[in-house]
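Please read this note with the sequence and the structure side by side. The points are numbered so that each may be checked in turn.

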Amino acid sequence: MPNPLHHLGETRSAQKHNHLLLTPDTFVRTALPGMKACVAIVHAGPAAGARFTEYTGEFESGGELGPATAQRFVYVLEGQLQLEIAGRKSELGTRGYAYVPEGTSHRVVATKPSRVAVIEKHYQPLASIESPSPIISSEDAVASEALDGDASLQVKHLLPDTMQFDFAVNSMVYQPGAALSMVEMHIMEHGLLMLEGGGIYRLGDSWYPVTAGDFIWMAPWCPQWFGAIGKVPAKYLIYKDWNRHPLASSSSSNTPPFGEPR
């Protein structure tokens, strides 16, 4: 008979000064203001040094998100949502997504039990650029592109690559054995939710096995690399801040840079 204490105190989750790996065995659910018949698993936020918030919303049928104080991106992991903006209602099924600009009144209600990835970030306006309009779409409707010419690594850009948007959300699919062509180090931070398959992620000086359901936060300039391992493709949903000058980014947040005391 297996020893029930064998795995006591063990987890793949890890916290370092420039990254987090959160695995489902450590998830804690909480209610956020305004939620109804819904709980949140908060993956990243200012308390960890992030300049955005990402969480998974778990809805009962009829459950509802609370209001947003920032721009909001929602991606349906499973189930179905009804999104209402300015009296217009839209249905979002699995892999459906929506972008809601900051200050836009809206409702997000589940029409069946659902899981939804939610990203929220305060908008950084540019004087000469109009703010974005709402977007309602599906990942299935977005064309896939080879990353750096590698057909075994496909990316879908879920938001337009224009200066109106100060962040990007992409889905990336790696065929078994595919890997990033380099270790990346850059000013952008990431929130990454593993959707399918698995592999090995290098974060800083650490190497982690990762699989569907895991979440990763990467601070600016955290060394990062991923390679897919297994018999099925690996897929993740990834956020990054985008299209803004570094000085604007630093002045728009009250969060101390990663690694500094609070």
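The points below concern a predicted model and take up a sheet, a group of aromatic rings and a pocket.

1. The sheet. Strands of a sheet pair through backbone hydrogen bonds, either parallel or antiparallel. Here, 3 strands make up an open sheet, in the order β17-β16-β19, and their pairing is antiparallel. The edges are taken by β17 (206–211) and β19 (224–228); each has a single partner strand, so one side of each is left without a neighbour in the sheet. On average, and with direction ignored, neighbouring strands of this sheet are turned by 20 degrees against each other.

2. The strand β16. Which strands does β16 pair with, and through how many bridges? Strand β16 (residues 198–203) is joined to β17 by 6 bridges and to β19 by 5 bridges. Both pairings run antiparallel. The strand is also mostly covered, as 5 of its 6 residues are buried.

3. Individual partners in the sheet. L203 has S206 in β17 as its bridge partner. The hairpin of β16 and β17 has 2 residues between the strands, and G204 takes a positive phi near 60 degrees there.

4. The aromatic pair of Y99 and F165. A pair of aromatic rings is described by the distance of the centres and the angle of the planes. The model has a count of 11 aromatic pairs. Why is the pair of Y99 and F165 called edge-to-face? The ring centres of Y99 and F165 are 5.1 Å apart and the planes stand at 65 degrees, so the pair is edge-to-face; the cut-off for this class is an angle over 60 degrees. The pair links distant parts of the chain, since Y99 belongs to strand β8 (residues 96–100) and F165 to the loop between β13 and β14, 66 residues apart. Y99 and F165 are both buried.

5. The aromatic pair of Y99 and F167. Y99 also forms an aromatic pair with F167, and this pair is tilted, with 6.1 Å from centre to centre and 55 degrees between the planes. Y99 lies in strand β8 and F167 in strand β14, so the pair ties together parts that are 68 residues apart in sequence. Are these two residues buried or exposed? Y99 is buried, with a relative accessible area of 1%, and F167 is buried with a relative accessible area of 1%. The cut-off for a buried residue is a relative accessible area under 20%.

6. Rolling a probe the size of a water molecule over the atoms shows where empty space is left. The second largest pocket has a volume of about 420 Å³. It is lined by 24 residues, of which L147, N170, M172, H190 and K240 are the closest to its centre.

7. Which elements give two or more residues to the lining of the second largest pocket? They are β13 (150–157), β14 (167–174) and β20 (234–241). The largest share, 6 residues, comes from β14. By class, the lining has 16 nonpolar, 5 polar and 3 charged residues.

How values were computed
Residues numbered from 1 in each chain as written. Predicted model: local features only at pLDDT ≥ 70, side-chain atom pairs only at ≥ 80, totals over all residues. Heavy atoms only, no water. 1 Å grid on protein atoms, 1.4 Å probe; cavity = no way out; pocket = protein on both sides within 12 Å on 5 of 7 lines; lining within 4 Å. Points joined across faces, edges and corners; volume = space filled by probe spheres on them. Helix = DSSP H or I, 4+ residues; strand = E, 2+ residues; numbered from the N terminus. Nonpolar A, V, L, I, M, F, W, Y, C, P; charged D, E, K, R; others polar. Pairing = 2+ DSSP bridges. Axes fitted to C-alpha atoms, helices over the stretch in contact; angles between N-to-C directions. Phe/Tyr/Trp six-rings, centres within 6.5 Å; stacked < 30°, edge-to-face > 60°. Buried < 20%, exposed > 50% of the residue type's maximum accessible area, 1.4 Å probe, protein only.
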